[in-house]
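Colleague: I would like to learn how to read a model like this one. Please take the features in turn.

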Amino acid sequence: MIAPAEPAVREFIFVDESGDPGPNGNPIYVLVGMHIADSCLDRLNRHLTVFRYHHEVVREFKAQRWADKFSPPTRHLLGFLADMTDAGEIVTTVNWLQKETYTKGGGPHLTSGETWKFRHFQLRLLLERHLRRSPWSVETDLVVDRWKMSLEQRANLEEYLRGNLRLRPLLAAITFVDSLYCYPVQVVDIYGRMARRLVQGKAMAEEAAMAGRLMDLVEIRGGLYP
């Protein structure tokens with residue numbers, strides 16, 4: 001008798017961006033994906049709840065001035081996440097680009113009116129690279145910090161990702177949330193800020209070492225298939 005297959009592990013990939021996706025604004029764009037299984041998500045959320053209580057964090061992490069500095073509260077928060085990452089419970093992939101370099105390298109969609117295409121393309125690149133590092137199960141939800149998109153553009157993104165043969169198994173769901181009520185997305189926002197300071201050469205040595213534990217950071221230099 002064939003034993004029944006083990007149920008697929010439910011997993012989540014939380015995604016957020018740092019910087020402006022269009023041709024203007026900040027010259028550096030960062031996209032972060034943090035991958036965690038359901039079995040570890042509860043522990044992460046409990047840690048974040050306790051952290052917010054003890055440090056009297058009443059707003060989003062990005063609204064707190066300490067979130068942009070490697071302060072004692074930041075060390076407390078990220079140290080726990082680094083331990084989970086070291087244990088293989090969290091895997092975080094970060095892509096970044098310098099707009100001038102990206103454009104010269106033939107990177108597409110960085111023109112006026114194509115913001116949504118640029119975001120969709122960068123998300124595709126991030127997921128493809130992440131999948132090579134950390135395969136996901138058939139029960140994986142992609143949770144994206146909510147972007148301003150029309151219903152047509154949102155449908156386009158789902159079709160774009162689901163039609164990509166490099167992204168298999170198919171994602172179980174693609175959900176857009178407001179980071180205000182989603183703690184893990186707030187964490188991903190801090191990762192993006194940290195990555196930005198790192199590539200700008202503004203991170204202190206201790207912060208750079210922490211980033212090395214938390215994330216795999218790669219520059220996208222242009223082209224359809226970098």
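Modeller: Start with His-109, which sits in the loop between helix H3 (99-104) and H4. Helices (H or I, at least four residues) and strands (E, at least two) are DSSP runs, numbered from the N terminus. This is a predicted model, in which local features need pLDDT of at least 70 and side-chain atom pairs count only at pLDDT 80 or more, while totals for chains, interfaces and linings use all residues. Residues are numbered from 1 along each chain as its sequence is written, and side-chain values use heavy atoms, with hydrogens and water left out.

Colleague: Is His-109 buried, partly exposed or exposed?

Modeller: The classes go by relative accessible area: buried is under 20%, exposed over 50%, and partly exposed in between (1.4 Å probe, protein chains only). His-109 is partly exposed because its relative accessibility is 24%. Its phi is positive, about 70°, although it is not a glycine. Glu-56 is another non-glycine with a positive phi, about 55°. Glu-56 lies in the loop between H1 and H2 and is exposed, because its relative accessible area is 65%.

Colleague: Which peptide bond is cis?

Modeller: The one joining Arg-168 and Pro-169, with omega at about 5°. Pro-169 belongs to the loop between H5 and S5.

Colleague: With which side chain does the side chain of Ser-71 make a polar contact?

Modeller: A polar contact is a pair of N or O atoms within 3.5 Å; within protein, one must be able to donate a hydrogen and the other to accept it, and sequence neighbours count only through side-chain atoms on both sides. The partner of Ser-71 is the side chain of Thr-74, at 3.0 Å. Ser-71 is in the loop between helix H1 (38-54) and helix H2 (72-86), and it is buried because its relative accessible area is 15%. Gln-122, in helix H4 (residues 115-133), makes a polar contact through its side chain with the side chain of Tyr-102, also at 3.0 Å. Gln-122 counts as buried because its relative accessibility is 2%.

Colleague: How many bridges join S1 to S4?

Modeller: Two strands pair if DSSP finds at least two bridges between them. S1 and S4 run parallel and are joined by 6 bridges. Within that pairing, Glu-11 stands opposite Thr-140 in S4. S4 also pairs with strand S5 (residues 173-177), again in the parallel sense, over 5 bridges. There Val-143 has Thr-175 of S5 as its bridge partner. Strand S4 (residues 139-145) is mostly covered, with 6 of its 7 residues buried.

Colleague: Which residues line the largest pocket?

Modeller: On a 1 Å grid over the protein atoms alone, a pocket is an open set of points with protein on both sides within 12 Å along at least five of seven lines, and a cavity is a set where a 1.4 Å probe fits but cannot get out; lining residues have an atom within 4 Å of a point. The lining of the largest pocket includes Asp-16, Glu-17, Ser-18, Lys-62, Trp-147 and Arg-193. Strand S1 (10-18) and helix H6 (183-199) each supply at least two lining residues, and S1 gives the largest share, 3 residues.

Colleague: Which residues line the largest cavity?

Modeller: Leu-161, Arg-162, Leu-167, Arg-168, Leu-170 and Leu-171. Arg-168, on this lining, is the residue joined to Pro-169 by the cis peptide bond.
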